[in-house]
Amino acid sequence: MTVRKFEKTDAEAVSALIAHTLRTTNSKDYSHEYIEDIVGHHTPEEIIIKSRKTHFYLICENDTIIACGSIGQSENTADTCELYTIFVHPDYQSKGVGRKLIETLEGDEYSMSANRIELSASITAVDFYKKLGYTLSEGVTKPGEDGLLRMEKLRT
(Lines give C-alpha, C1' and ligand atoms only; values in the text may rest on other atoms or scores of the structure.)
Protein backbone atom coordinates (compact mmCIF):
# COMPACT_ATOMS: atom_id res chain seq x y z
CA MET A 1 0.00 0.00 0.00
CA THR A 2 1.46 3.35 -1.04
CA VAL A 3 0.40 6.95 -0.55
CA ARG A 4 1.02 9.45 -3.31
CA LYS A 5 -0.21 12.77 -4.63
CA PHE A 6 -2.95 12.93 -7.23
CA GLU A 7 -1.95 13.41 -10.86
CA LYS A 8 -4.24 14.70 -13.59
CA THR A 9 -4.16 11.29 -15.29
CA ASP A 10 -5.77 9.78 -12.16
CA ALA A 11 -9.01 11.73 -12.58
CA GLU A 12 -11.06 9.03 -14.32
CA ALA A 13 -10.01 6.31 -11.88
CA VAL A 14 -10.72 8.57 -8.88
CA SER A 15 -14.14 9.51 -10.27
CA ALA A 16 -14.95 5.80 -10.77
CA LEU A 17 -13.76 4.96 -7.23
CA ILE A 18 -16.01 7.67 -5.78
CA ALA A 19 -19.04 6.55 -7.81
CA HIS A 20 -18.56 2.90 -6.85
CA THR A 21 -18.08 3.74 -3.16
CA LEU A 22 -21.15 5.98 -3.05
CA ARG A 23 -23.32 3.42 -4.81
CA THR A 24 -22.10 0.55 -2.65
CA THR A 25 -21.39 1.92 0.82
CA ASN A 26 -23.66 4.94 1.09
CA SER A 27 -26.75 3.35 -0.46
CA LYS A 28 -27.95 2.15 2.96
CA ASP A 29 -28.21 5.75 4.24
CA TYR A 30 -29.18 7.73 1.13
CA SER A 31 -31.66 7.52 -1.73
CA HIS A 32 -30.64 6.49 -5.23
CA GLU A 33 -31.43 10.02 -6.47
CA TYR A 34 -29.25 11.64 -3.80
CA ILE A 35 -26.31 9.34 -4.58
CA GLU A 36 -26.57 9.90 -8.32
CA ASP A 37 -26.61 13.66 -7.73
CA ILE A 38 -23.40 13.40 -5.67
CA VAL A 39 -21.82 11.10 -8.28
CA GLY A 40 -22.59 13.81 -10.86
CA HIS A 41 -20.54 16.30 -8.84
CA HIS A 42 -17.46 14.03 -8.89
CA THR A 43 -16.72 13.87 -12.59
CA PRO A 44 -13.09 13.62 -13.74
CA GLU A 45 -13.22 17.32 -14.63
CA GLU A 46 -14.47 18.27 -11.15
CA ILE A 47 -11.79 16.11 -9.54
CA ILE A 48 -9.09 17.95 -11.49
CA ILE A 49 -10.52 21.32 -10.42
CA LYS A 50 -10.59 20.15 -6.77
CA SER A 51 -6.96 18.98 -7.06
CA ARG A 52 -5.85 22.46 -8.10
CA LYS A 53 -7.34 24.01 -4.95
CA THR A 54 -6.25 21.35 -2.44
CA HIS A 55 -3.53 18.87 -1.63
CA PHE A 56 -5.05 15.69 -3.04
CA TYR A 57 -3.75 12.27 -1.93
CA LEU A 58 -4.29 8.73 -3.15
CA ILE A 59 -3.68 5.37 -1.55
CA CYS A 60 -2.82 2.63 -4.01
CA GLU A 61 -2.55 -1.13 -3.83
CA ASN A 62 -0.07 -1.99 -6.57
CA ASP A 63 -1.29 0.29 -9.38
CA THR A 64 -4.92 0.42 -8.29
CA ILE A 65 -6.31 3.48 -6.51
CA ILE A 66 -8.17 2.25 -3.41
CA ALA A 67 -8.70 5.54 -1.54
CA CYS A 68 -8.61 9.28 -2.06
CA GLY A 69 -8.86 12.43 0.01
CA SER A 70 -7.87 16.06 -0.04
CA ILE A 71 -7.17 18.91 2.35
CA GLY A 72 -7.30 22.64 1.87
CA GLN A 73 -7.27 25.92 3.70
CA SER A 74 -10.67 27.04 4.96
CA GLU A 75 -12.09 29.94 3.00
CA ASN A 76 -13.68 31.33 6.18
CA THR A 77 -11.02 31.08 8.88
CA ALA A 78 -7.24 31.39 8.62
CA ASP A 79 -6.48 28.86 11.38
CA THR A 80 -8.82 26.18 10.00
CA CYS A 81 -8.37 23.60 7.27
CA GLU A 82 -10.93 21.32 5.69
CA LEU A 83 -10.93 17.70 4.52
CA TYR A 84 -12.68 16.88 1.25
CA THR A 85 -13.41 14.03 -1.14
CA ILE A 86 -12.61 11.20 1.29
CA PHE A 87 -13.51 7.82 -0.16
CA VAL A 88 -12.23 4.29 0.44
CA HIS A 89 -13.09 1.46 -1.93
CA PRO A 90 -15.66 -0.82 -0.23
CA ASP A 91 -13.32 -3.84 -0.43
CA TYR A 92 -10.74 -1.94 1.67
CA GLN A 93 -13.03 -0.44 4.30
CA SER A 94 -12.44 -1.51 7.93
CA LYS A 95 -8.87 -2.55 7.05
CA GLY A 96 -6.96 0.56 8.18
CA VAL A 97 -6.92 2.29 4.79
CA GLY A 98 -9.23 5.11 5.89
CA ARG A 99 -7.20 5.66 9.04
CA LYS A 100 -4.01 5.82 6.97
CA LEU A 101 -5.65 8.34 4.65
CA ILE A 102 -6.78 10.59 7.51
CA GLU A 103 -3.33 10.36 9.15
CA THR A 104 -1.80 11.42 5.83
CA LEU A 105 -4.16 14.39 5.55
CA GLU A 106 -3.60 15.37 9.18
CA GLY A 107 0.16 15.32 8.51
CA ASP A 108 -0.15 17.70 5.56
CA GLU A 109 1.16 21.27 5.88
CA TYR A 110 -2.39 22.70 5.79
CA SER A 111 -3.29 20.63 8.84
CA MET A 112 -0.03 21.26 10.66
CA SER A 113 -0.58 25.02 10.49
CA ALA A 114 -4.25 24.85 11.57
CA ASN A 115 -5.81 24.84 15.03
CA ARG A 116 -8.95 23.18 13.74
CA ILE A 117 -9.81 20.61 11.07
CA GLU A 118 -13.33 20.54 9.64
CA LEU A 119 -15.14 18.12 7.35
CA SER A 120 -18.61 17.31 6.08
CA ALA A 121 -19.37 13.67 6.86
CA SER A 122 -21.92 11.38 5.31
CA ILE A 123 -24.25 9.65 7.73
CA THR A 124 -22.37 6.48 6.81
CA ALA A 125 -18.98 7.87 7.91
CA VAL A 126 -19.82 9.67 11.18
CA ASP A 127 -18.81 6.77 13.44
CA PHE A 128 -15.53 6.34 11.55
CA TYR A 129 -14.61 9.99 12.13
CA LYS A 130 -15.65 9.81 15.78
CA LYS A 131 -13.15 6.95 16.27
CA LEU A 132 -10.46 9.28 14.94
CA GLY A 133 -11.27 12.08 17.40
CA TYR A 134 -13.71 14.18 15.38
CA THR A 135 -16.85 15.55 17.03
CA LEU A 136 -20.09 16.88 15.64
CA SER A 137 -19.85 20.64 15.20
CA GLU A 138 -22.02 22.64 17.58
CA GLY A 139 -23.62 19.40 18.78
CA VAL A 140 -25.79 19.13 15.66
CA THR A 141 -26.77 15.46 15.30
CA LYS A 142 -28.95 15.61 12.19
CA PRO A 143 -27.72 16.12 8.63
CA GLY A 144 -28.13 19.52 7.02
CA GLU A 145 -29.98 20.20 3.78
CA ASP A 146 -26.99 18.77 1.90
CA GLY A 147 -27.42 15.43 3.71
CA LEU A 148 -24.10 15.79 5.55
CA LEU A 149 -23.02 16.45 9.12
CA ARG A 150 -20.35 19.00 9.98
CA MET A 151 -17.56 17.59 12.13
CA GLU A 152 -14.38 19.04 13.59
CA LYS A 153 -11.20 18.19 15.42
CA LEU A 154 -9.29 20.68 17.50
CA ARG A 155 -5.53 20.38 17.45
CA THR A 156 -3.92 20.52 20.86
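Leaving aside its neighbours within four places in sequence, with which residues is Y134 in contact? In this predicted model, where contact means heavy atoms within 4.5 Å, Y134 meets L83, I102, E106, I117, L119, Y129, M151, E152 and K153. Residues are numbered from 1 along each chain as its sequence is written, and side-chain values use heavy atoms, with hydrogens and water left out. Because the model is predicted, local features need pLDDT of at least 70 and side-chain atom pairs count only at pLDDT 80 or more, whereas totals for chains, interfaces and linings use all residues.

Y134 also belongs to the largest nonpolar core, which has 25 residues, and L83, I102, L105, Y129, Y134 and M151 are those that touch the most other members. A nonpolar core is here a set of buried Ala, Val, Leu, Ile, Met, Phe, Trp, Tyr and Cys residues joined through side-chain atoms within 4.5 Å, buried meaning under 20% relative accessible area, exposed over 50% and partly exposed in between, with a 1.4 Å probe and protein chains only. At least two residues of this core come from each of β2 (55–61), β3 (64–73), β4 (80–88), α4 (97–106), β5 (116–121), α6 (126–131) and β7 (149–154), helices (H or I, at least four residues) and strands (E, at least two) being DSSP runs numbered from the N terminus. A second, separate core of 19 residues includes F6, V14, F56 and C68.

Helix α1 (residues 11–25) and helix α2 (residues 32–40) have axes that come within 10 Å and cross at roughly 170 degrees, the axes being lines fitted to C-alpha atoms over the stretch in contact and the angles running from 0 to 180 degrees between N-to-C directions. α1 is therefore roughly antiparallel to α2, given that angles under 35 degrees count as roughly parallel, over 145 as roughly antiparallel, 65 to 115 as roughly perpendicular and the rest as oblique. A19, L22 and R23 of α1 make this contact with I35, E36, I38 and V39 of α2.

With helix α3 (residues 44–53), α1 packs at an angle of about 110 degrees, the axes lying 8 Å apart, and the two helices are therefore roughly perpendicular to each other. Here A11, E12, V14, S15 and I18 in α1 meet P44, I47 and I48 in α3.

Two loop residues complete the description. N62, in the loop between β2 and β3, has a positive phi of about 60 degrees although it is not a glycine, and N62 is exposed, with a relative accessible area of 70%.  S94, in the loop between β4 and α4, has a positive phi near 65 degrees and counts as exposed at 83% relative accessibility.
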